[in-house]
Amino acid sequence: MKKFLKVFLTIVVILALGLWYFVNSLKPQYSGNLKLKGLSDKVEVYYDTYGVPHIYAQNQPDAYTALGYVHAQDRLWQMEVIRRIAPGRLSEIFGKDLIETDKFFASMGLEEASKKAVLELDKNTQQYKYTQAYLNGINQFIDKGPTPVEYLITGTKKTHYTINDVYNVFGYMSFSFAMAQKADPFFTEVKKNLKPLYLEELGLKPDPNTTLIHNNYQNIASPIAEVANMVANQIPSPFIGSNSWVVGPSKSATGKVLFANDPHMSYAQPGVWYEAYLKTPDYEIYGYHLAGIPFPLLGHNHRIAYGLTMFENDDLDFYRESVNPENENQYKTPEGWQDFVTKTKIIKVKKGNDIIMKVRYSKHGPIMNDVIAGIKDKAPLAMHWIYTQFPIKTLKAMYTMSHATNIQEFQKGAALIHAPGLNVMYGDADNNIAWWASGKLYRFNEGVNPKFVLDGASGNDEPIKYLDFSKNPQAINPPWGYVYSANNQPDSIDGGYFYPGYYLPKDRAKRIVGILESKEKFSKVDFKKMITGVKSSETPDNTAVLVSILSKSKNLNPLEKKALEVLKKWDGNNQLKNIAPTIYYKWVYKVMHKTYADELGEEGFAQFMRTDIAKIMESKQIQNGSSVWWDNVLTNDKTETRQDILTTAFTETISDLKMQLGKDVNKWTWNKVHSLEHVHAITKKAPIFSSFLNVGPFEASGAREVINNLMFNLNDKGLYKVHAGPSTRRVIDFSDIENSVSILPTGQSGNPFSKHYKDQAKMYIKGQFRPMLMNKQTVIKSKDKLVLSPK
């Protein structure tokens with residue numbers, strides 16, 4: 001027996017040591033010495049307390065080689081996944097569940113557009129050379145670094161990163177900003193089945209009465225609705241919304257520019273951004289990088305700061321083509337019949353047979369009928385997207401913005417972006433502030449509404465002109481002292497034209513403007529409080545309507561009276577211990593369902609609720625006492641009113657919450673129903689790894705369309721799992737630039753064995769910040785130093 005125990009313990013020790021060695025062999029290397037090919041001199045990389053690399057090099061090619069290496073060792077699996085989306089290659093590693101996603105992206109022509117853009121690149125430019133240096137760093141890690149555990153779990157082989165992959169990431173990033181694919185086909189189906197008054201109330205034309213972003217120009221030198229359904233369910237869209245505001249010296253307590261930005265994106269583990277600081281004798285940037293992209297989309301240094309929000313302009317249109325009755329391979333154009341171009345696409349599937357599909361293309365784009373099986377309309381539906389129609393200059397744009405030293409140089413970079421539509425925010429040490437809506441904007445004939453499917457045959461629905469960048473919405477050093485964006489509608493351009501788009505509700509914009517107009521001077525402390533704010537400017541107005549209707553009712557039971565009193569006192573805050581949000585969001589869902597589901601049907605209602613129009617209509621509908629939507633078309637014996645719908649929804653809400661959370665209204669707190677978990681992609685297929693790879697869940701304050709915008713889907717269950725929100729929160733103070741602050745949702749590293757995998761998660765959920773270090777004397781105190789030398 002003793003001999004057996006001895007052998008058993010020996011085996012256990014050996015296994016434990018083996019596991020310890022295996023785990024440590026997969027960890028990122030944050031200190032020590034490495035030799036890399038392509039370096040011309042030594043590079044020092046200091047990792048700060050939160051794993052942000054501070055790269056000190058003698059020249060920029062060396063800095064970008066080092067960036068590529070350290071980025072890959074923390075985020076290689078993320079790079080692997082994101083580069084596969086645009087060419088339709090997710091099924092190769094995840095299997096049959098992603099076939100429809102792959103078919104969709106493969107049909108769009110993004111890979112072809114990437115190849116064309118790469119062929120047209122000037123190989124002598126700095127942006128090309130620095131990109132190749134960055135790729136050199138990535139590929140050396142692929143060759144010599146440890147293999148991330150996700151590769152082992154999925155059985156995926158590592159292959160080198162190429163500049164085509166960089167452009168494929170650009171393509172996917174651009175598409176995920178395009179909101180039209182989620183709405184145009186759906187609203188066309190609604191238009192066909194309902195009277196015009198229903199559509200008119202949905203506000204499918206720009207609204208000049210909403211909270212607008214004002215311009216300040218300066219010269220500084222169904223059947224087809226299945227498309228909506230498929231895209232909403234199958235297409236990953238991490239880029240969703242954002243806030244940003246910048247105040248100039250007249251509104252800053254220090255007399256220097258203050259800058260804030262929090263791009264809203266889908267939560268996942270790892271998160272979207274990888275932070276890095278680069279310093280050479282001729283260059284400096286503290287940047288936020290997408291996986292596989294050398295130049296940061298967000299950044300700052302001692303001279304400038306910049307950030308992004310979504311413009312939400314409509315840059316993706318659908319056209320119904322007319323087929324030649326005598327030749328099904330032709331479609332009608334104003335110039336006569338033209339042949340479809342047919343391409344064969346092959347989708348490789350893990351543990352399955354290859355999927356071979358033939359896709360037709362008209363002059364407008366791919367025919368969605370060939371891609372999405374559920375489209376019943378026989379007429380070909382083509383998808384026209386501005387991104388694939390013009391030369392792609394995204395790499396040059398990002399290089400130019402990240403290397404600008406003043407506002408004139410920076411604007412040149414912003415002007416190069418034709419898609420996706422972005423609100424580019426700017427501030428600098430010279431006290432300039434600016435906002436540009438970047439993107440290639442175009443106009444149609446009077447009366448053409450691009451929020452519906454257009455006629456592809458007549459030529460009447462084609463763009464009639466493209467606007468010069470100088471006519472895009474923008475504000476440069478406005479006299480009111482600040483610029484801002486919250487994905488809301490910009491003011492009119494080009495002679496009073498309100499540019500069409502899928503702009504988000506005015507809630508955040510109204511709150512931001514209200515705060516910025518409420519006092520004369522702001523500090524960094526004010527901005528930190530503001531960017532984590534959880535108070536809604538709209539919800540109290542909506543509850544006031546309900547309170548007004550029910551306050552005279554004699555039919556309320558004690559529980560309903562208590563709940564109504566809570567709503568009556570609510571100031572719009574969404575803190576963990578608030579009770580009102582729990583009641584409000586359940587009630588709003590029931591109001592929306594009782595209002596729209598009878599006309600749209602259950603499937604149509606679900607599609608509608610996934611659009612941004614539905615978000616806008618929440619408040620508009622509640623405030624509109626005479627809406628045609630209030631009447632339930634399924635009842636013949638009465639005409640329902642707003643009072644009927646709001647009251648019934650409230651009664652059902654309180655009854656449901658009693659069953660869900662108990663009889664004590666004081667225990668219906670927001671933290672019990674509102675949570676955030678950062679989910680790793682692999683755990684969706686293999687939940688056994690959830691506790692190892694996922695981060696959270698956490699009780700979460702905040703809510704939809706407050707400044708701390710934590711997005712969730714309204715539902716009848718009354719449980720709200722946050723799926724998107726601030727991907728970072730940055731506050732930059734030009735009076736004290738080296739003590740500017742930020743935070744990430746989980747951590748710097750995507751490696752689950754890294755100490756920086758989730759070390760910011762609790763800080764983030766509490767609304768805390770940590771410094772973005774730029775002072776070398778502070779940085780070099782770090783205990784983690786990695787020295788890279790020429791090989």
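How many of the 9 residues of strand β5 (residues 258–266) are buried? The count is 8 of the 9, so β5 is largely enclosed by the rest of the structure. Buried means under 20% relative accessible area, exposed means over 50%, and partly exposed lies in between, with a 1.4 Å probe and protein chains only.

## Basis of the values

The model is predicted: local features need pLDDT of at least 70, side-chain atom pairs count only at pLDDT 80 or more, and totals for chains, interfaces and linings use all residues. Residues are numbered from 1 along each chain as its sequence is written, and side-chain values use heavy atoms, with hydrogens and water left out.

## Strand β5 and its partners

Strands pair if DSSP finds at least two bridges between them. Strand β5 runs antiparallel to strand β28 (residues 730–733), with 4 bridges between them. In that pairing, alanine 260 has valine 731 of β28 as its bridge partner.

Strand β27 (residues 724–726) is also antiparallel to β5, and 3 bridges join the two. Here methionine 265 is bridged to glycine 725 of β27.

## The chain as a whole

The protein chain holds 24 helices and 31 strands, taken as DSSP runs numbered from the N terminus (helices: H or I, at least four residues; strands: E, at least two). Its radius of gyration is 27 Å, close to the 28 Å that the globule rule gives for 791 residues, so the chain is as compact as a globular protein of that length. The radius is taken over C-alpha atoms, and the rule is 2.2 Å times the number of residues to the power 0.38.

The C-alpha trace spans about 85 × 75 × 70 Å along its principal axes. Of the 791 residues, 61% count as buried. The accessible surface is about 31100 Å², and carbon and sulfur atoms account for 52% of it; accessible areas come from the Shrake-Rupley method with a 1.4 Å probe, and for residues only the protein chains shown count as cover.

## Aromatic rings

Rings of Phe, Tyr and Trp (its six-membered ring) pair if their centres lie within 6.5 Å; planes under 30 degrees apart count as stacked, over 60 as edge-to-face and the rest as tilted. The count is 46 aromatic pairs. Tyrosine 585 and phenylalanine 712 form an edge-to-face pair, 5.3 Å centre to centre with 85 degrees between the planes. Tyrosine 585 lies in helix α18 (residues 580–609) and phenylalanine 712 in the loop between β25 (695–699) and β26 (720–722), so the pair ties together parts 127 residues apart in sequence. Tyrosine 585 is buried at 2% relative accessibility, and phenylalanine 712 is buried at 3%.

Both rings belong to a cluster linked by ring pairs: Trp570, Tyr584, Tyr585, Trp587, Trp670, Phe712 and Tyr720. Arginine 704 lies over the face of phenylalanine 712, 5.7 Å from the ring centre. The criterion is NZ of Lys or CZ of Arg within 6 Å of the ring centre and within 35 degrees of the ring normal.

## Glycine 95

Glycine 95 lies in the loop between α3 (91–94) and α4 (99–107). At 6% relative accessibility, glycine 95 is buried. Apart from neighbours within four places in sequence, glycine 95 is in contact with Leu90, Val349 and Lys350, where contact means heavy atoms within 4.5 Å. Its C-alpha atom is 9.9 Å from that of threonine 154, 59 residues apart along the chain.
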